[in-house]
Amino acid sequence: MSKTTELRQLCAGLLMSVHPRVFHRLAPSREEFPYIVFSLDRVNLDDPALDVHDLCVDIWDESLSCACVEQLGDRIEAL
């Protein structure tokens, strides 16, 4: 297994400790809200000795209130 795959699985596991519906890059259509979508991209810093990745986490919800999204975001930040 590649280092990037291992890192992606680690990130997914940590995010799933906050919420059960976590997807890499794209959620299935008609997925129940709320859910979390994350991406992990390698950042090129012109230094081959560095292995740097950028983690982007999006929280999706249909509610008119942002309370659930804020609570999930706070829990993710606390990781």
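In the predicted model, aspartate 41 is partly exposed, its relative accessible area being 30%. This residue forms a salt bridge with arginine 25, and the closest N and O atoms of the pair are 2.5 Å apart. Because aspartate 41 lies in strand 2 and arginine 25 in the loop between strand 1 (22-24) and strand 2, the bridge ties together parts that are 16 residues apart in sequence. Arginine 25 is likewise assigned to the partly exposed class, with a relative accessible area of 47%.

In total, the structure holds 3 salt bridges. Another of these joins lysine 3 to aspartate 51, with the closest N and O atoms 3.3 Å apart. The two partners come from distant parts of the chain: lysine 3 belongs to helix 1, whereas aspartate 51 is found in the loop between strand 2 and strand 3 (52-60), 48 residues apart. Lysine 3 has a relative accessibility of 63% and therefore counts as exposed; aspartate 51, at 39%, counts as partly exposed. Aspartate 51 also forms a salt bridge with arginine 42, for which the closest N and O atoms are 2.9 Å apart. Arginine 42 is exposed, with a relative accessible area of 56%. Through shared partners, Lys3, Arg42 and Asp51 are joined into one network of salt bridges.

These pairs are set within a protein chain of 2 helices and 3 strands, arranged in the order α-β-β-β-α from the N terminus on. The C-alpha trace spans about 45 × 25 × 20 Å along its principal axes. Of the contacts with a separation of 6 or more, 31% are accounted for by residues 24 or more positions apart.

Buried residues make up 24% of the 79 residues in the chain. The largest nonpolar core comprises 10 residues, namely Cys11, Ala12, Leu15, Val18, Val22, Ile36, Phe38, Leu40, Leu72 and Ile76. At least two residues of this core are supplied by each of helix 1 (3-16), strand 2 (35-43) and helix 2 (67-77). Isoleucine 76, a member of the core, is in contact with Leu15, Val18, Ile36, Val57 and Ile59 when its neighbours within four places in sequence are left aside.

Notes
Residues are numbered from 1 along each chain as its sequence is written. This is a predicted model: local features need pLDDT of at least 70, side-chain atom pairs count only at pLDDT 80 or more; totals for chains, interfaces and linings use all residues. Side-chain values use heavy atoms; hydrogens and water are left out. Helices (H or I, at least four residues) and strands (E, at least two) are DSSP runs, numbered from the N terminus. Buried means under 20% relative accessible area, exposed over 50%, partly exposed in between (1.4 Å probe, protein chains only). Contact means heavy atoms within 4.5 Å. A nonpolar core is a set of buried Ala, Val, Leu, Ile, Met, Phe, Trp, Tyr and Cys residues joined through side-chain atoms within 4.5 Å. A salt bridge is a side-chain nitrogen of Lys or Arg within 4 Å of a carboxyl oxygen of Asp or Glu.
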